[in-house]
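Welcome, and please open the model in your viewer.

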Amino acid sequence: MPVTTDSDQALEYYREGMVAFDQVKFSEAMDQLEMAVELDPDFFMAYFWMYLMSGKGAKKIADAAMQSDAPLNTGEKHIKTAFKYLISGQYEKVVENLKAAIQLYPEDPDVHKILYIIQFQIMWDLEGAVETLENAIKAIPDYPLAYNQLGYALMELEEFKKAEEAFDTYIRLAPDIANPYDSKGDFYMNTGQYEAAYESYMKAYKTDSTFTISEKKAWKARELMED
């Protein structure tokens with residue numbers, strides 16, 4: 001889906017932010033998006049993703065997003081309408097509008113991603129999130145992050161065999177970044193396989209030393225092994 005901005009540099013920051021988001025480098029992603037809206041204060045999609053990643057200051061970001069008067073395309077209009085309903089807690093309308101955006105851009109992973117993040121993290125609709133993720137994978141089978149989110153949703157549903165398959169696919173599709181190994185470490189921790197968790201977390205940290213959380217989790221796994 002094209003995104004509306006009057007600044008080529010803001011668009012570049014936005015794209016770099018989306019790459020960082022997919023690598024689960026949220027601080028870096030937020031920095032890129034903040035630079036995008038500094039160049040284009042009406043950049044709705046940048047504000048929208050900032051809102052999804054934000055804790056503190058979320059209301060301020062939401063207000064900036066809703067006040068944007070950029071001439072949005074049809075897909076963005078559906079997302080903005082969904083955002084309005086999200087803020088007011090009308091989740092049925094959120095899903096309806098995001099599904100309309102997906103119908104317009106079925107091969108855009110970011111559009112699918114918006115729906116399953118909201119279903120999983122905000123609505124806590126695990127079954128709905130799994131359905132959305134499975135549809136995303138059918139449309140874009142080589143999109144790594146969908147398998148990561150699917151793995152976590154399936155773990156919450158205690159479908160551990162399917163969850164492990166999802167995490168293994170994530171590793172296969174993105175072997176050169178840290179997060180797939182961190183996620184597999186979380187799977188091992190949740191299933192009591194502490195030695196395997198330690199090794200997987202350390203693999204994440206060795207792959208990318210900025211993943212200090214993986215190192216911390218590795219030592220937690222080591223303590224559980226010793227206990």
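Start by selecting E158, the residue with a positive phi, near 60 degrees, that follows helix 9. This is a predicted model, so treat each stop as a feature of the prediction.

From there, step back into helix 9 itself, residues 144-156. Is this helix enclosed or open? Of its 13 residues, 10 are buried, so helix 9 is largely enclosed by the rest of the structure. To see them, select L145, A146, Y147, N148, Q149, L150, G151, A153, L154 and M155, which are buried. Now show what lies over them: the cover includes helix 1 (8-22), helix 7, helix 8 (126-139), helix 10 (160-173) and helix 11 (179-190).

Most residues other than glycine have a negative phi. Select W124: although this residue is not a glycine, its phi is positive, about 55 degrees. W124 lies in the loop that runs between helix 7 and helix 8, and its relative accessibility of 48% makes it partly exposed. Then jump to V24, again not a glycine, with a positive phi of about 60 degrees. Look for V24 in the loop between helix 1 and helix 2 (26-39); at 21% relative accessibility, V24 counts as partly exposed.

Next, a helix pair. Two packed helices are described by the angle between their axes and the distance between the axes. Select helix 3 (residues 44-53) together with helix 7 (residues 109-122): they pack at an angle of about 30 degrees, and their axes are 12 Å apart. Angles under 35 degrees count as roughly parallel, and helix 3 and helix 7 are therefore roughly parallel to each other. Helix 3 passes helix 7 in a left-handed crossing. Which residues make the contact? On helix 3, show M45, F48, W49 and L52; on helix 7, show D110, K113, I114, I117, I118 and I122. Colour them by class and you will find eight nonpolar and two charged residues, with no polar ones.

With buried meaning under 20% relative accessible area, S54 at 18% counts as buried. Leaving out residues up to four places away in sequence, S54 touches M30 and I61.

I61 takes you into helix 4, where A58, I61, A62 and A65 are buried. Look down the axis of helix 4: these buried residues fall within an arc of 100 degrees, so they line one face of the helix. What do the buried residues of helix 4 pack against? Their partners are helix 3 and helix 5 (74-87).

For the last stop, select Y194, in helix 12 (residues 194-207). Y194 has a relative accessibility of 28%, so it counts as partly exposed. Finally, show M189, A221, L224 and M225, which Y194 contacts when neighbours within four places in sequence are left aside.

Key. Residues numbered from 1 in each chain as written. Predicted model: local features only at pLDDT ≥ 70, side-chain atom pairs only at ≥ 80, totals over all residues. Heavy atoms only, no water. Axes fitted to C-alpha atoms, helices over the stretch in contact; angles between N-to-C directions. Helix = DSSP H or I, 4+ residues; strand = E, 2+ residues; numbered from the N terminus. Parallel < 35°, antiparallel > 145°, perpendicular 65-115°, else oblique. Left-handed = near helix turned anticlockwise from the far one by under 90°. Contact = heavy atoms within 4.5 Å. Nonpolar A, V, L, I, M, F, W, Y, C, P; charged D, E, K, R; others polar. Buried < 20%, exposed > 50% of the residue type's maximum accessible area, 1.4 Å probe, protein only. Arc of directions from axis to C-beta.
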